[in-house]
Amino acid sequence: MNDLAWRLMALGARLSRKIHSVAPQTVRVDDVFGDDDLILDLGGGGEGIIGRLRGHQVVAVDIRKDELDDTPAGPIKVVADARNLPFPDGSFEAATAFFFLMYVPAADRSAVLKEASRVLAPGATLRIWDVVISVPGERAPNAFVVPLRVKLPSRTIRTGYGVSWKGREMSADSVAQAARDVGFAVSAVERKGQTLHLVLTRASR
Ligand SMILES: C[S@@+](CC[C@H](N)C(=O)[O-])C[C@H]1O[C@@H](n2cnc3c(N)ncnc32)[C@H](O)[C@@H]1O
């Protein structure tokens with residue numbers, strides 16, 4: 001999609017009364033991964049951003065097969081629930097959650113973080129990119145949408161992610177606290193516009 005078409009789509013969403021859309025956001029995803037890292041991408045279906053970055057080094061886990069079917073070829077695709085991962089302890093050198101936690105009810109995010117911590121090697125990092133979601137008012141629309149421009153080292157992808165709003169409230173503080181509670185150290189927290197980026201480090205055993 002070209003930039004004008006994407007901006008028109010984002011404007012349409014913002015004008016709709018049935019959708020709550022935040023202003024279009026831009027997120028840069030740097031390639032910080034090592035060539036030997038095995039990377040677990042949680043909720044890695046759909047656009048498969050991390051899979052596009054690191055191809056066969058990525059294990060994309062998604063609860064929906066149809067989402068993985070839509071993801072470009074490259075990553076290893078595994079249909080599984082991120083709350084109960086089918087991998088042994090310490091299997092991965094890195095993990096990512098790119099606009100995934102917004103799809104997980106706030107009440108379930110601790111279970112997801114705990115599983116991520118379990119399957120990461122000691123000292124490995126979980127990188128999270130996501131959107132700040134406020135508590136919906138009583139008359140708020142059901143749908144919450146974020147139009148997104150994703151800047152990868154080699155290209156820009158224009159997309160949008162949407163969820164049912166209720167029960168999805170999220171802030172950098174709430175994610176950081178949930179991460180600490182399951183034993184992660186919070187190594188970095190960045191806010192840019194309505195987006196957040198956290199780097200969590202798995203404690204050594
Ligand atoms: C739309 S994707 C987010 C963007 C995606 N990471 C990308 O790169 O385009 C979010 C995915 O999370 C998946 N999902 C939701 N709950 C899940 C869970 N408990 N375990 C695994 N995947 C889940 C959804 O099926 C959906 O495909």
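These legends walk through close-up views of one predicted model.

**View 1. The whole protein chain, before we zoom in.** The protein chain holds 5 helices and 11 strands. Along the principal axes, its C-alpha atoms fill a box of roughly 50 × 35 × 30 Å. A compact globule of 205 residues would have a radius of gyration near 17 Å, and the 16 Å of the protein chain agrees with that. Of the 205 residues, 39% count as buried. If you look at contacts between residues at least 6 apart in sequence, 60% of them join residues at least 24 apart.

**View 2. The shell around the ligand.** Here you can find the 21 residues around the ligand, of which Gly 43, Gly 46, Glu 47, Glu 67 and Ala 82 come nearest. Sorted by class, this shell has 10 nonpolar, 5 polar and 6 charged residues.

**View 3. The open sheet of 7 strands.** Follow the strands across the sheet and you will read the order β5-β4-β3-β6-β7-β11-β10, with mixed pairing. The edges belong to β5 (76–79) and β10; each has a single partner strand, so one side of each is left without a neighbour in the sheet. On average, neighbouring strands of this sheet are turned by 20° against each other, direction ignored. Within the sheet, β3 (residues 39–42) and β4 (residues 58–62) pair in the parallel sense over 4 bridges.

**View 4. The hairpin of β10 and β11.** Strand β10 (residues 184–192) runs antiparallel to strand β11 (residues 195–202), and 8 bridges join the two. The hairpin has 2 residues between the strands, and Gly 193 takes a positive phi near 60°.

**View 5. Thr 201 and its surroundings.** Thr 201 lies in strand β11. Is this residue buried or partly exposed? Thr 201 counts as partly exposed because it has 18 C-beta neighbours inside 10 Å, whereas a buried residue needs 20 or more. Leaving aside residues up to four places away in sequence, Thr 201 touches Gly 123, Thr 125, Phe 184, Ala 185 and Ser 187. Arg 155 is 46 residues from Thr 201 along the chain, and their C-alpha atoms are separated by 28 Å.

**View 6. Two helices lying across strands.** Helix α4 (residues 109–119) lies across β3, β6 (92–98), β7 (120–131), β10 and β11, and runs at about 145° to β7. Which residues of α4 are buried? They are Arg 109, Val 112, Leu 113, Glu 115, Ala 116, Ser 117 and Val 119. An α-helix has 3.6 residues a turn, so residues three or four places apart point the same way. The buried residues of α4 pack against β3, β6, β7, α5, β10 and β11. Helix α5 (residues 172–181) lies across β7, β10 and β11, with a direction at about 170° to β10.

**View 7. Phe 99 in its loop.** Phe 99 lies in the loop between β6 and α4. Take a look at its backbone: Phe 99 has a positive phi of about 45° although it is not a glycine. Phe 99 is buried, with 24 other C-beta atoms within 10 Å.

Conventions
Residues are numbered from 1 along each chain as its sequence is written. This is a predicted model: local features need pLDDT of at least 70, side-chain atom pairs count only at pLDDT 80 or more; totals for chains, interfaces and linings use all residues. A residue is near a molecule or strand if its C-beta atom, placed from the backbone, lies within 6 Å of it. Ala, Val, Leu, Ile, Met, Phe, Trp, Tyr, Cys and Pro count as nonpolar, Asp, Glu, Lys and Arg as charged, and the others, Gly among them, as polar. The radius of gyration is taken over C-alpha atoms; the globule rule is 2.2 Å times the number of residues to the power 0.38. A residue is buried if 20 or more other C-beta atoms lie within 10 Å of its own, exposed if 12 or fewer, and partly exposed in between; C-beta atoms are placed from the backbone. Two residues are in contact if their C-beta atoms, placed from the backbone, lie within 7 Å. Two strands pair if DSSP finds at least two bridges between them. Axes are lines fitted to C-alpha atoms, for helices over the stretch in contact, and angles run from 0 to 180 degrees between N-to-C directions.
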